Amino acid sequence: MLNEDGKFSLDAEILFPQAAKRVKILESLKKSWASVVSPALARHSTPYNLGINEISVAVDNKKAYDMLAKMKGNILRALLRFDYESDGEFNLNITFEQPEEINKNKKSLSDPKINKCTGVSDDELEKLMTDAPEDLPKDINYAISHLKIFLEKRFPNKNHKN
């Protein structure tokens, strides 16, 4: 798909409609989290990932973990109110850390400034990722931005108007 500048343009909602829908549902759930699990438990937990048949929730203590483990049905019912579709057994994954906190301790996927396989630099990626919608998950933003830069470099003739 080409945009008005003749460059590749990728629309996450068109490419991944179900994933985009789950992102919106997760944002709605975050806003009403206190009414789903209780205000006291909401202060110690937060949902951070919504998959096809699962949700991941981070907690900050064992008591919150134990309380949340008993609320899988409540959470699923709340998700169904947001038009969430589950096509199998629904799973509740409870973690003690959110991915952002876990990833701070890991090295970047592209530690060298330029990924030698694709020729995509970290600076190019960061610049393009800042223009993405705020509700787009970081990993999807990274992948789409990386692909867009790679395609523009790999097929330069397709990106310039003649």
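Let's start with the aromatic rings: this predicted model has 2 aromatic pairs.

**Stop 1: Y65 and F96.** Select these two and look at their rings. The centres sit 5.4 Å apart and the planes meet at 10°, so this pair is stacked. Y65 belongs to helix α5 (residues 62–69), while F96 is in the loop between β3 and α7 (99–103), so the pair ties together parts that are 31 residues apart in sequence.

**Stop 2: Y84 and F90.** Here's the other arrangement: an edge-to-face pair, with 6.0 Å from centre to centre and 80° between the planes. Are these two buried or exposed? Y84 is buried, with a relative accessible area of 4%, and F90 is buried as well, at 5%.

**Stop 3: strand β3.** Select residues 91–95 and show the side chains. In a regular strand, side chains alternate between the two faces of the sheet. On β3, L92 and I94 make up the covered face, and N91, N93 and T95 make up the uncovered one. Which residue stands opposite I94? Click on V57 and you've found it.

**Stop 4: K148.** Finish in helix α9 (residues 138–154), where K148 is found. K148 counts as buried because its relative accessibility is 17%, and the cut-off for buried is under 20%. Follow its side chain along to the side chain of E152: the two make a polar contact at 2.8 Å.

Technical notes:
Residues numbered from 1 in each chain as written. Predicted model: local features only at pLDDT ≥ 70, side-chain atom pairs only at ≥ 80, totals over all residues. Heavy atoms only, no water. Helix = DSSP H or I, 4+ residues; strand = E, 2+ residues; numbered from the N terminus. Buried < 20%, exposed > 50% of the residue type's maximum accessible area, 1.4 Å probe, protein only. Polar contact = N/O pair within 3.5 Å; in protein donor to acceptor, adjacent residues only side chain to side chain. Pairing = 2+ DSSP bridges. Phe/Tyr/Trp six-rings, centres within 6.5 Å; stacked < 30°, edge-to-face > 60°.
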